[in-house]
Amino acid sequence: MPGNLDFSSFDLMDALDLAVLIEVEALQRYELFTQQLGHRYDNDPATIFSQMAVNEGKHATELFERRKALFGDAPRRVSPDDIFDVEAPDYGAPNSSMSPLAAFKVALSSEKKAYDFYDSALSHVTNPEIHALFVELRDEEAEHVRMVEAAIANLPPGSERETEEDEDE
């Protein structure tokens, strides 16, 4: 079962809380990468990671607003410990000389990881509302995969080259 979660005990609120936590973890990881790399030139890896953080933040906000509209301020029963690395890119993924293509490949891997999580979770979900939500989330992750693949296809020539570290570093 994905992440050792017992989906049979989940209700729709738990499923929405889980989805929000997954998006927030990815947002925070992309923000960390952006800080670690720093912006050095237009469309550099930090720019790409910053854009991914914005996308994850928007998705988290949409899911949170949906949760709040349905369940108000009811306390969350799902913990961040339940979702480690579901969508978040691997901590060791960025490096100071990575290319824009490498940054997009990190993002692509993360989106595919999230798709796989929801797709795998579906076989463990019996609640029809949660099943429908997870299908929706899986399909959104598939759309994110297509968006990142399109961004990769539109990269200018030379985007696969790693940058040289500054002499002063």
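## Close-up views of a predicted model

**View 1. Arg138 in its helix.** R138 lies in helix α4. This is a predicted model, and in it R138 is buried, with a relative accessible area of 17%. The cut-off for buried is under 20% relative accessible area, so R138 falls within it. Leaving aside residues up to four places away in sequence, R138 touches Y115, Y118, D119 and L122.

**View 2. The aromatic cluster.** One aromatic cluster is formed by F7, F10, F117, Y118 and F134. The whole structure holds 7 aromatic pairs. In the pair F117 and Y118, the ring centres are 5.2 Å apart and the planes stand at 75°, so this pair is edge-to-face. The cut-off for edge-to-face is over 60 degrees between the planes. F117 and Y118 are both buried. Y118 is also one of the residues that R138 touches.

**View 3. The largest nonpolar core.** The largest nonpolar core has 24 residues, and the members that touch the most others are F7, F10, L18, F117 and F134. Two or more residues of this core come from each of α1 (12-37), α3 (100-121) and α4 (128-153). Helix α1 gives the largest share, 8 residues.

**View 4. The surroundings of Phe10.** Which residues does F10 touch, not counting residues up to four places away in sequence? They are L5, A15, L18, V78, N127 and I130. L18 is, like F10, among the residues of the largest nonpolar core that touch the most other members. F10 also belongs to the aromatic cluster with F7, F117, Y118 and F134.

**View 5. An arginine over a tyrosine ring.** R29 lies over the face of Y91. The distance from the ring centre is 3.6 Å.

**View 6. Confidence along the chain.** The protein chain has a mean pLDDT of 86, and 93% of its residues reach 70 or more. Among the elements of the chain, the highest mean pLDDT, 92, belongs to helix α2 (residues 45-71). The lowest among the elements, 90, belongs to α3. Over residues 165-169 pLDDT stays under 50. For residues 165-169 the model has 2 contacts beyond four places in sequence.

How values were computed: Residues numbered from 1 in each chain as written. Predicted model: local features only at pLDDT ≥ 70, side-chain atom pairs only at ≥ 80, totals over all residues. Heavy atoms only, no water. Core = buried A, V, L, I, M, F, W, Y, C linked by side-chain atoms within 4.5 Å. Buried < 20%, exposed > 50% of the residue type's maximum accessible area, 1.4 Å probe, protein only. Helix = DSSP H or I, 4+ residues; strand = E, 2+ residues; numbered from the N terminus. Contact = heavy atoms within 4.5 Å. Phe/Tyr/Trp six-rings, centres within 6.5 Å; stacked < 30°, edge-to-face > 60°. Lys NZ or Arg CZ within 6 Å of the ring centre and 35° of its normal. pLDDT = per-residue confidence, 0-100.
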